Amino acid sequence: MKTGIHGELLKIENLSFTYEDGNNVLQDISLTARDGESIGIIGANGIGKSTLMKILVGLKLDYTGKLTVAGHEVNKKNLNHIREHVGFVFQDSDSQLFLSKVEDDVAFGPRNYGLSEDEVQRRVTEALEKVHATHIRDKHTYKLSGGEKKLSSIATILSMEPDIIIMDEPSIALDPRNRRNLIGILNELDVLKIITSHDLDFIMDTCKRTILLDEGRIIADGDTNTILRDKELLETHGLELPLSLNTR
Amino acid sequence: MNELHPLGKLLVSVLYIVLVASINKYDIVTLILMSVYLVFIFVIGDLSFRDGIYRMRLVLPLVIFVGIFNPFFDKTVLFYIGKIGITTGMLSMLTLVIKGVYTVLAAYSLIITTSIDDICYAFGCIKMPKIMILVIMLIYRYFGVMAEEAGRITTAYSLRAPSQKGIHYSAWGTLVGQWLLRSMDRAERVYESMLLRGFKGDFNTVKKKVKKTDIIFPVVWIVIFILIRWRVIL
């Protein structure tokens, strides 16, 4: 649901997180994000990208530091508020889609928030239109192709009309056409988008700002074009230049 | 059939199963008459009898096993076909098998024409406790999750052991352990996805409108069942 907040939607101050086994996966993370921004979070495997995303949506609450999402501090008391404003698209669409029909899955969120059935139907139609997937409205989720599953997953989030959309590896397992389609759809969305991905070309095409994480810390935070063209920076932290920039 | 209100379909199916099960074990005529419902459902619903029978392959041997001893214990001869005496035991075995087939086909026709969400909606209409409906829905969803994981694991195994038939017993322990762990991980992600979209322990479904046919269907069939079961007109 829209908060109507224009400006700072996400504020992280000195956030750290340690797993039970002592793995200090995030250390002293601070950042702010504003309405309408598109932010790519990049980094090698296991550096805490997914953990950070889960903390942002309140799936992990035992962090230290201060975290404010859509005007609410992330804690157990505020979880309902936060989840109304933040949509999380899982890497694996099969985990996101759990009802038998696309329409029911897209309507699941709005119905849980007690909206009238007319409003639910309006949102379902609008969400599916935004991802150009109205033709799969009545399809069974288990019969969808990989690309259709991804679009449906995004629609399940858009129907909640969130202020913030967080996506974990959205381009994974998509063919070039579906990937290009997804880039177009994401670029049309005017909400705050936070995208984690190893697909640096995808980040380049969808995000104006990029944050590079390594060993649980923010290494760089700035313009995507500047960071993703810095070969030395990327290679020092376990990444490589995007394929489109690699001249080899 | 798919468009009918799930409550009507659920009530008719349950009543059918109860009435078929209650028919006297020697009353084969009533049992044959009761097949009219299944024929109607399969024809109107455009369902495949072949698929229905195929899906009974696991249940049918059990039904036959239960009834197979009847001819040995119940040897009173009822009539002869040629020189073969047809005993009450044979008849009761036959009715038992027919009852098994009917009840499984009735349940199959309900499941095939009604989604789990609609069946649970019907349970809600008859005031089944919400917690039980939730458990049914989650079990259904997690069965799917577990089946998918089992499929992935067995495919990965068979691709690397092409000459083996099935899974070698030495690998069963590891595979089952992996299967459970992976299913639990997957189930957790599904649950997280539900929580993130406002799930608070209650599946909110749209209230279904009741049409004329939704009332006519159960009323007509209940009347027909009563007429056949108690042989009012025959």
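This is a predicted model: local features need pLDDT of at least 70, side-chain atom pairs count only at pLDDT 80 or more; totals for chains, interfaces and linings use all residues.
Q: How are strand 1 (residues 8–18) and strand 4 (residues 64–69) of chain A joined, and in which sense do they run?
A: Two strands count as paired if DSSP finds at least two bridges between them. Helices and strands themselves are DSSP runs, numbered from the N terminus: a helix is H or I with at least four residues, a strand is E with at least two. Here strand 1 and strand 4 of chain A run antiparallel and are joined by five bridges. Along this pair, Glu13(A) stands opposite Lys66(A), and Ser16(A) stands opposite Thr64(A).

Q: In which order do the strands of the open sheet with antiparallel pairing lie in chain A?
A: The sheet has four strands in the order 2-1-4-5. Strand 2 (24–34) and strand 5 (72–73) of chain A are its edges, each pairing on one side only. Strand 5 of chain A runs antiparallel to strand 4 of chain A, with two bridges between them, and Thr68(A) stands opposite Glu73(A). The hairpin of strands 4 and 5 of chain A has two residues between the strands, and Ala70(A) takes a positive phi near 50° there.

Q: Which way do the residues of strand 3 of chain A point?
A: In a regular strand the side chains alternate between the two faces of the sheet. In strand 3 of chain A, Ser38(A), Gly40(A) and Ile42(A) point one way, and Ile39(A) and Ile41(A) the other way.

Q: How many residues of strand 3 (residues 38–42) of chain A are buried?
A: A residue is buried if 20 or more other C-beta atoms lie within 10 Å of its own, exposed if 12 or fewer, and partly exposed in between, with C-beta atoms placed from the backbone. Strand 3 of chain A is mostly covered, with five of its five residues buried. This strand has four parallel bridges to strand 8 (residues 192–196) of chain A, and Gly40(A) stands opposite Ile195(A). Strand 9 (residues 209–214) of chain A also runs parallel to strand 3 of chain A, again over four bridges; there Gly40(A) stands opposite Thr210(A).

Q: Which residues of chain A does UniProt list for "domain: ABC transporter"?
A: The unreviewed entry lists residues 10–240 of chain A. UniProt positions follow the numbering used here, feature names are shortened, and annotations may be inferred rather than shown by experiment. In the model, this span is 38% helix and 26% strand, and its end C-alpha atoms lie 29 Å apart.

Q: How many helices and strands does the secondary structure of chain B have?
A: Chain B has eleven helices and two strands. From the N terminus on, the order is α-α-α-α-α-α-β-β-α-α-α-α-α. The radius of gyration (over C-alpha atoms) is 23 Å, well over the 17 Å that the globule rule gives for 234 residues, so chain B is more spread out than a compact globule. The globule rule is 2.2 Å times the number of residues to the power 0.38. Along the principal axes, the C-alpha atoms of chain B fill a box of roughly 65 × 55 × 30 Å. Of the 234 residues of chain B, 21% count as buried.

Q: How far does helix 1 (residues 6–22) of chain B reach from its first C-alpha to its last?
A: The expected span of a helix is 1.5 Å times one less than its number of residues. Helix 1 of chain B has 17 residues and reaches 24 Å, close to the 24 Å expected. Its buried residues include Pro6(B), Leu10(B), Tyr16(B) and Val20(B). Among the elements covering the buried residues of helix 1 are helix 3 (35–44) and helix 11 (212–229) of chain B.

Q: How many residues does each chain bring to the contact between chain B and chain A?
A: Two residues are in contact if their C-beta atoms, placed from the backbone, lie within 7 Å. The contact takes 17 residues from chain B and 20 residues from chain A. Helix 10 (169–196) and helix 8 (116–125) of chain B each supply at least two residues of the side of chain B that touches chain A. Helix 10 of chain B gives the most to that side, with seven residues.

How values were computed: Residues are numbered from 1 along each chain as its sequence is written. Chains are lettered from A and ligands numbered from 1 in the order in which they are written.
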